[in-house]
Amino acid sequence: MRKHKNVVMGRKAESIYTAMKNNWVKQTKQEKACEARQRIESFEEQMKRSAASKAGYAYINGISMPILSA
C-alpha cells in the first residue's frame, strides 16, 4: 500500500510576471466584452423607448428611412 499520492505536474510553473500578464489579458478581454454588451443593451433600450413614439418611413432614392416625429 502506498501512503502518499503522486503529484502530476501538467505544465511549467508560472513566474509572478507571467501570471500578472495572463491575468491582465483576461481582464481586458472581459472589460471589452462587458463594454460591447452595454452598448448593445443601451441600443436595444433606446429602440424600445423610441418605438413608442410616432415614427414614419420616407422612401428616398430607393431607400426606406425611418423619420421620427417630435
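What percentage of the 70 residues of the chain count as buried? The figure is 1%, where buried means under 20% relative accessible area, exposed over 50%, and partly exposed in between, with a 1.4 Å probe and protein chains only.

Two remarks on the source. This is a predicted model, in which local features need pLDDT of at least 70 and side-chain atom pairs count only at pLDDT 80 or more, while totals for chains, interfaces and linings use all residues. Residues are numbered from 1 along each chain as its sequence is written, and side-chain values use heavy atoms, with hydrogens and water left out.

I turn to the overall layout. The chain has 1 helix and 2 strands, and along the sequence these follow the pattern α-β-β. Helices (H or I, at least four residues) and strands (E, at least two) are DSSP runs, numbered from the N terminus. The accessible surface of the chain is about 7500 Å², and carbon and sulfur atoms account for 59% of that area. Such areas come from the Shrake-Rupley method with a 1.4 Å probe; for residues, only the protein chains shown count as cover.

Next, the helix. How many salt bridges does a search of the whole structure find? The search returns 1, taking a salt bridge as a side-chain nitrogen of Lys or Arg within 4 Å of a carboxyl oxygen of Asp or Glu. The partners are arginine 39 and glutamate 35, at 3.8 Å from N to O. Both belong to helix 1 (residues 16-51), and because they are 4 residues apart, about one helical turn separates them. Arginine 39 is exposed, at 56% relative accessible area, whereas glutamate 35 is partly exposed at 41%.

Threonine 28 also lies in helix 1. A polar atom of its side chain is 2.8 Å from the backbone oxygen of valine 25. With a relative accessibility of 21%, threonine 28 counts as partly exposed.

Finally, the strands. Isoleucine 60 is placed in strand 1 (residues 55-60), and its 43% relative accessibility makes it partly exposed. Together with Ile63 and Met65, Ile60 makes a nonpolar surface patch of about 270 Å².

Where is asparagine 61 placed? Asparagine 61 sits in the loop between strand 1 and strand 2 (63-68), and is exposed, with 76% relative accessible area. Although not a glycine, asparagine 61 has a positive phi of about 50°. Most residues other than glycine have a negative phi.

Methods. Patches are made of residues with over 30% relative accessible area and no salt bridge: like charges are joined within 9 Å, nonpolar side chains (Val, Leu, Ile, Met, Phe, Trp, Tyr) within 5 Å. A polar contact is a pair of N or O atoms within 3.5 Å; within protein, one must be able to donate a hydrogen and the other to accept it, and residues adjacent in sequence count only if both atoms are side-chain atoms.
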